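Subject: A structure for you

Hi there,

I am passing on a structure that you have not seen before. Please have a look at it first, and then read my notes below.

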Amino acid sequence: MAAQSMSELYKAVRAERKVKVNPYVSQSLKKTPLTGKFTLKLPGNVRQVQRLSDDDVLALCKCLQHNKCVTGLDLRYNNITNEGVEHLAKLLQEKSSLSCLDLMFNDIQANGAQVLGNSTLLSLRLSGNKIGRGGGLELASMLQENCALQELEVADCDLVDGLHSIIALIIMLKKNKALCSVDISRPQLFVSQEEWAVHCSKMLAVNSSLMELHLGRMGMTDTGIEQLTEGLGRNNSLRYLDLCSNRVTRDGAFHLAMMLKQNRALEILDLSSNQIGDGGAGYLSKAITCPRSTLKELSVCRNNITSEGLLLLAQAVKSSSTLTHMYIWGNHLEDPAFKELISSGRLHPEQTDVSPYEVDGHVFLAEVFQSLRKPVYNIDCNGTDVPTKTAASPDSTAHHGQLKDYLNCKI
């Protein structure tokens, strides 16, 4: 069906169900392209819009039944429940062109997660839904046999006491050869629950398809890092590792540094909001300058690093043949070393999160809104591999705040 008539069909379906038209949906459908492949964006976190309900999803699904142009659907921050998910599942079963589905921060629970896990989608984003422990287990079970899904996001899903869910998802990755990007951040584990790190280490030692893994806000300590790095040292595919907002200290940084000296794949490491201090910065600096290191981007924001540690990192950037991006905001930024790196051209202004300025002969660093690149693995919504820019490219896109590019269904 031509995109030109989607708005009219939407109105007709709503009228048939005797439900008022959602003007936000109607206006968005009017603006859709007439040809080509595109992502239909209807996020609910836009000012002064009526968030989508399950009835809106039903009407949308009827509009998309014979539509070959819409390959991505962005429905973040709406009021969609399991009922709406059932409508989407039926659409997917009808040989729909839809390959990327973003349902983050809706009201989907365990049953909805199960239905979507058994689909032919390439990208599924469920972060922020309360799928709970049951939903995590159901997803893990469904994905054992799923050969289509390449990106999965289930961060902030309230997996209360979710140790079993996390372990099940990690074990699933031993068998699943399709997933390239996984985010299981903030599962709400108990403080002492680090058994999952042992399973994750074993998985990483054998997995050859995973390129991006987000383990932020997992409550991980140095012990968990030590276990994790055992498998990472033997991994040959992972390029992006997110360990932000854990409890990693100097000792954890030591284990990561040892891993970086032998791992030949990892390019991006996010250690922001930990406590590695100057000691940890020193360990990482030695690893960065190791001839075998492939690291291109490193974030150590908010890690209680003083001038001593920052000077070591600056010297490492200068000596490294691969590292091009360094993010340091939130530490003790008194040392002028990073000003010299930027002014000399060794560290491009768009490849760090600080900008130097001078007052009364003293050098200060101001924050600029840049962060680690996302993603490292790209497919378009039509399922075609898309080459990504390397971290060394001066024009690599930097994103503000969180490491997620929520607006783009390109994974």
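Let me start with one side chain: that of N263 reaches the backbone nitrogen of A265 at 2.7 Å. A polar atom of the N263 side chain also lies 2.8 Å from the backbone oxygen of L232. Both are polar contacts, meaning pairs of N or O atoms within 3.5 Å; within protein, one must be able to donate a hydrogen and the other to accept it, and residues adjacent in sequence count only if both atoms are side-chain atoms.

Before going on, please note that this is a predicted model, where local features need pLDDT of at least 70, side-chain atom pairs count only at pLDDT 80 or more, and totals for chains, interfaces and linings use all residues. Residues are numbered from 1 along each chain as its sequence is written, and side-chain values use heavy atoms, with hydrogens and water left out.

Back to N263, which sits in the loop between α10 (250-260) and β9 (268-270). Helices (H or I, at least four residues) and strands (E, at least two) are DSSP runs, numbered from the N terminus. Is N263 buried or exposed? It counts as buried because its relative accessibility is 3%; buried means under 20% relative accessible area, exposed over 50%, and partly exposed in between (1.4 Å probe, protein chains only). Leaving aside residues up to four places away in sequence, N263 touches L232, N235, R292 and T294, where contact means heavy atoms within 4.5 Å.

Now the chain as a whole. It has 13 helices and 13 strands, and 57% of its 411 residues count as buried. Among contacts between residues at least 6 apart in sequence, 77% join residues at least 24 apart.

As for F338, its contacts beyond four places in sequence include L310, L313, M326 and L365.

Finally, V359 belongs to strand β12 (residues 354-359). With 38% relative accessibility, V359 counts as partly exposed.

Enjoy exploring!

Best wishes
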